[in-house]
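User: Please examine the structure shown here and answer some questions on its side-chain packing.

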Amino acid sequence: MSSPAGPARYFPKRRGDRLLGVVAVVTGLVLVCHSLVPNTPGNLGSLLETVLPWTGLAVPALLLAALVRRSVPAVVAALLLGAVWSALFASLFLDGSGGGGPNLTVVTHNVNADNPDPAATVRTLLAADPDLVALEEITDEALPAYRGPLDRRLPHSVHIGTVALWSRYPITESRRVTIDPGWSRSLRALVQGPKGPLAVYVVHLPSVRVGASGFTTGRRDETLGALVRALDDERRKKVLLLGDLNGATTDRGLEPLTSRLASVEGSGGTGFGFSWPAAFPVTRVDHILTRGVTPTDAWTLPATGSDHRPVAAGLRA
């Protein structure tokens, strides 16, 4: 008797194959429908979106398992999952700058209040030959170690609370941006850039934590709302926002900001640009966002004595 024909021949009903298929389908649904995952309890949706790019690891794992088992349906499921992931994230690895070189290089870095070697940190930042350097978590004790070498290369600066900005170009205005009355860690400066004024914001939003109560983003989201209101009042056409936002641009919690300003990593980068933790970055919480300027490139600098890595961008401003 001849062997049975039809779908059963090509789609064997082995338990392991079904399990691989289920994993692929569930992962695909998470990718496509992550916005439907509720944020209560514990901001689960925001936590999922923060690590969403890492779902791509399921693709090679499933594909390898499918090949080992010689399962055609499992291979197809893995490849389909890869297509879904690529549709969401492949553009981050393509040059979206549209050609043309930058006329402004900017760097932002949470230097960590406990940084043991500010001098080496500054050398790493200056190696990028920046025109603007924004720092967060600067302490009064460490400020002179940063100010000395940065002042020699970037003569214009403003320091408010625990954030600071150094510029190659004149700073004609500066003030504190009060987004969290209990902290002084955000400022606005007007920089006379290469082709006119830019409003530059340096921001450090409150930290988030993962614990027994879930993903705690309450204070971050509250101050984010105040920051968005300040940006809505901004009348300058060219705007840069530099700093530690304690959130990934995939996190729905940052949508009020990312709907107003564009991420340089999404526009001009070639990868995810993960910045935290420095030893093995798993997410990008340090950002350069723009309005009215064009990113030409975005990259991450080598690790310093901080628990964050610096991030940099070339801009046509």
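Predicted model: local features only at pLDDT ≥ 70, side-chain atom pairs only at ≥ 80, totals over all residues.

Analyst: Residues are numbered from 1 along each chain as its sequence is written, and side-chain values use heavy atoms, with hydrogens and water left out.

User: Which side chain of opposite charge is nearest to Asp-286?

Analyst: Asp-286 lies in strand S12 (residues 286–291); strands (E, at least two residues) and helices (H or I, at least four) are DSSP runs numbered from the N terminus. Asp-286 is buried, that is, under 20% relative accessible area with a 1.4 Å probe and protein chains only (exposed is over 50%, partly exposed in between). Asp-286 has no salt bridge, which would require a side-chain nitrogen of Lys or Arg within 4 Å of a carboxyl oxygen of Asp or Glu. Where Lys and Arg count as positive, Asp and Glu as negative, and His and the chain ends are not counted, the nearest side chain of opposite charge, 7.5 Å away, is that of Arg-284.

User: Which side chain makes a polar contact with the side chain of Asp-286?

Analyst: A polar contact is a pair of N or O atoms within 3.5 Å; within protein, one must be able to donate a hydrogen and the other to accept it, and residues adjacent in sequence count only if both atoms are side-chain atoms. For the side chain of Asp-286, the partner at 2.6 Å is the side chain of Ser-275.

User: How many residues are in the largest nonpolar core?

Analyst: A nonpolar core is a set of buried Ala, Val, Leu, Ile, Met, Phe, Trp, Tyr and Cys residues joined through side-chain atoms within 4.5 Å. Leu-104, Val-106 and Leu-132 are among the members of the largest core that touch the most other members. Strands S1 (104–110) and S14 (311–316) are among those that each supply at least two residues of this core. The number of residues in the largest core is 24.

User: What is the geometry of the aromatic pair formed by Phe-89 and Phe-272?

Analyst: Rings of Phe, Tyr and Trp (its six-membered ring) pair if their centres lie within 6.5 Å; planes under 30 degrees apart count as stacked, over 60 as edge-to-face and the rest as tilted. The count comes to seven aromatic pairs. For Phe-89 and Phe-272, the centres are 5.8 Å apart and the planes at 70 degrees, making the pair edge-to-face.

User: Why is the pair of Phe-272 and Phe-274 stacked?

Analyst: Phe-272 counts as buried because its relative accessibility is 18%. The ring centres of Phe-272 and Phe-274 are 5.1 Å apart and their planes lie at 5 degrees, so the pair is stacked.
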